[in-house]
Amino acid sequence: NDEAIITSDTGIRDAAKDELDILLVKPGYVKLKNMPYGFIGGASGLFDEGMLVFNGNIKTHPDYNNIKYFCTNHHVNIYSLHDGELEDIGSVIQLF
(Lines give C-alpha, C1' and ligand atoms only; values in the text may rest on other atoms or scores of the structure.)
Protein backbone atom coordinates (compact mmCIF):
# COMPACT_ATOMS: atom_id res chain seq x y z
CA ASN A 1 0.00 0.00 0.00
CA ASP A 2 1.12 3.60 0.31
CA GLU A 3 2.95 2.80 3.55
CA ALA A 4 4.64 -0.54 2.89
CA ILE A 5 6.27 -2.76 0.28
CA ILE A 6 7.47 -6.33 -0.01
CA THR A 7 10.63 -6.85 -2.06
CA SER A 8 13.56 -9.17 -2.55
CA ASP A 9 15.66 -6.35 -4.00
CA THR A 10 18.12 -4.86 -1.52
CA GLY A 11 18.55 -1.77 -3.72
CA ILE A 12 14.83 -1.03 -3.51
CA ARG A 13 14.90 -1.67 0.21
CA ASP A 14 17.82 0.73 0.70
CA ALA A 15 16.23 3.44 -1.46
CA ALA A 16 12.85 3.26 0.28
CA LYS A 17 13.83 2.47 3.87
CA ASP A 18 13.28 6.03 5.11
CA GLU A 19 9.87 6.37 3.45
CA LEU A 20 8.17 2.97 3.78
CA ASP A 21 7.87 -0.07 6.00
CA ILE A 22 9.70 -2.78 4.06
CA LEU A 23 9.66 -6.55 4.23
CA LEU A 24 12.73 -8.03 2.55
CA VAL A 25 12.05 -11.59 1.35
CA LYS A 26 14.35 -14.23 -0.08
CA PRO A 27 15.01 -13.79 -3.81
CA GLY A 28 13.81 -16.52 -6.13
CA TYR A 29 10.85 -18.83 -5.60
CA VAL A 30 8.98 -16.94 -8.34
CA LYS A 31 8.95 -18.40 -11.85
CA LEU A 32 9.73 -16.16 -14.84
CA LYS A 33 9.89 -17.57 -18.35
CA ASN A 34 13.44 -17.72 -19.80
CA MET A 35 14.97 -16.27 -16.61
CA PRO A 36 16.43 -17.88 -13.48
CA TYR A 37 13.63 -16.37 -11.40
CA GLY A 38 11.16 -13.51 -11.25
CA PHE A 39 10.22 -10.97 -8.62
CA ILE A 40 7.43 -11.13 -6.08
CA GLY A 41 6.18 -7.72 -7.25
CA GLY A 42 5.68 -9.10 -10.75
CA ALA A 43 3.63 -11.95 -9.33
CA SER A 44 1.35 -9.75 -7.23
CA GLY A 45 -0.75 -6.65 -7.18
CA LEU A 46 -2.88 -4.61 -4.84
CA PHE A 47 -6.35 -5.38 -6.15
CA ASP A 48 -8.07 -3.14 -3.62
CA GLU A 49 -6.68 -1.17 -0.69
CA GLY A 50 -7.10 -4.19 1.56
CA MET A 51 -6.51 -7.04 -0.90
CA LEU A 52 -3.14 -8.21 -2.23
CA VAL A 53 -3.44 -10.95 -4.86
CA PHE A 54 -0.75 -13.33 -6.04
CA ASN A 55 -0.43 -15.09 -9.37
CA GLY A 56 0.12 -18.49 -7.81
CA ASN A 57 0.05 -19.89 -4.33
CA ILE A 58 1.81 -17.52 -1.94
CA LYS A 59 2.11 -20.36 0.58
CA THR A 60 4.83 -21.87 -1.65
CA HIS A 61 7.18 -18.98 -0.84
CA PRO A 62 9.54 -19.75 2.07
CA ASP A 63 8.76 -16.33 3.59
CA TYR A 64 5.00 -16.90 3.51
CA ASN A 65 4.56 -16.57 7.28
CA ASN A 66 6.48 -13.29 7.34
CA ILE A 67 4.50 -12.03 4.33
CA LYS A 68 1.20 -12.95 5.98
CA TYR A 69 2.19 -11.27 9.27
CA PHE A 70 3.47 -8.15 7.48
CA CYS A 71 0.27 -7.81 5.45
CA THR A 72 -1.93 -8.39 8.49
CA ASN A 73 -0.08 -5.60 10.31
CA HIS A 74 -0.88 -3.30 7.37
CA HIS A 75 -4.55 -4.38 7.26
CA VAL A 76 -4.12 -6.14 3.93
CA ASN A 77 -5.55 -9.59 3.20
CA ILE A 78 -3.66 -11.88 0.85
CA TYR A 79 -5.18 -14.14 -1.79
CA SER A 80 -3.74 -16.71 -4.15
CA LEU A 81 -5.31 -16.73 -7.61
CA HIS A 82 -4.47 -20.42 -8.16
CA ASP A 83 -2.60 -23.31 -6.53
CA GLY A 84 0.39 -23.32 -8.89
CA GLU A 85 3.81 -21.87 -8.19
CA LEU A 86 4.20 -18.11 -8.06
CA GLU A 87 4.83 -16.65 -11.50
CA ASP A 88 6.02 -13.18 -12.43
CA ILE A 89 3.72 -11.82 -15.13
CA GLY A 90 4.93 -8.23 -14.89
CA SER A 91 2.27 -7.27 -12.38
CA VAL A 92 -1.29 -8.02 -11.43
CA ILE A 93 -3.40 -5.09 -12.63
CA GLN A 94 -4.58 -2.72 -9.95
CA LEU A 95 -8.29 -1.95 -10.17
CA PHE A 96 -8.71 1.02 -7.84
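**Entry 1: the nonpolar core**

I looked up the largest nonpolar core of this predicted model and found that it has 18 residues. A nonpolar core is here a set of buried Ala, Val, Leu, Ile, Met, Phe, Trp, Tyr and Cys residues joined through side-chain atoms within 4.5 Å. Buried means under 20% relative accessible area, exposed means over 50%, and partly exposed lies in between (1.4 Å probe, protein chains only). The residues with the most contacts inside the core are Ile6, Leu52, Phe54, Ile58 and Ile67. Strands E1 and E4 and helix H2 are the elements that give two or more residues to it, and H2 gives the most, with four residues. Helices (H or I, at least four residues) and strands (E, at least two) are DSSP runs, numbered from the N terminus. In soluble globular proteins, nonpolar side chains tend to be buried together.

I noted two conditions on these entries: residues are numbered from 1 along each chain as its sequence is written, and side-chain values use heavy atoms, with hydrogens and water left out. Local features need pLDDT of at least 70 and side-chain atom pairs count only at pLDDT 80 or more, while totals for chains, interfaces and linings use all residues.

**Entry 2**

I then listed the contacts of isoleucine 6 (heavy atoms within 4.5 Å). Leaving aside neighbours within four places in sequence, isoleucine 6 is in contact with Leu23, Val25, Ile40, Leu52, Ile67, Phe70 and Cys71. Isoleucine 6 also stands opposite leucine 23 in E2. E1 and E2 run parallel and are joined by four bridges; two strands count as paired if DSSP finds at least two bridges between them. Between them the chain passes through helix H1 (residues 10-16), and this β-α-β crossover is right-handed. By that I mean that, with the strands pointing away from the viewer, the path from the first strand over the helix to the second runs clockwise.

Which residues of helix H2 (residues 64-73) are buried? I found Tyr64, Ile67, Phe70 and Cys71. They lie on the same side of H2 because they cover an arc of only 130° around the axis, taken from the directions from the helix axis to the C-beta atoms. An α-helix has 3.6 residues a turn, so residues three or four places apart point the same way. On the other side of H2, Asn65 and Tyr69 are exposed. The buried residues of H2 pack against strands E1 (4-7), E2 (21-24), E4 (51-54) and E5 (77-80).

**Entry 2: positive phi angles**

I checked the residue that follows H2, histidine 75, and found a positive phi near 60°, although histidine 75 is not a glycine. Histidine 75 lies in the loop between H2 and E5 and is exposed, at 69% relative accessible area. Tyrosine 29, also not a glycine, has a positive phi of about 65°. Tyrosine 29 is located in the loop between E2 and E3 and is partly exposed, with a relative accessible area of 48%.

**Entry 3: salt bridges**

How many salt bridges does a search of the whole structure find? I recorded two, each being a side-chain nitrogen of Lys or Arg within 4 Å of a carboxyl oxygen of Asp or Glu. Side chains of opposite charge can pair when their charged atoms come close. One joins aspartate 14 to arginine 13, with the closest N and O atoms 2.9 Å apart. Aspartate 14 is partly exposed at 40% relative accessibility, and arginine 13 is partly exposed at 29%. Lysine 26 and aspartate 63 form a salt bridge at 3.9 Å, N to O. Lysine 26 lies in the loop between E2 and strand E3 (44-48) and aspartate 63 in the loop between E4 and H2, so this pair ties together parts 37 residues apart in sequence. Lysine 26 is partly exposed at 42%, whereas aspartate 63 is buried at 8%.

I found serine 8 in the loop between E1 and H1, buried at 13% relative accessibility. Not counting residues up to four places away in sequence, serine 8 touches Leu24, Val25, Lys26, Pro27 and Phe39. Glutamate 3 belongs to the segment before E1 and is exposed, at 53%. Beyond its neighbours within four places in sequence, glutamate 3 is in contact with Leu20, Asp21 and His74. Glutamate 3 and asparagine 73 are 70 residues apart in sequence, and their C-alpha atoms are 11 Å apart.
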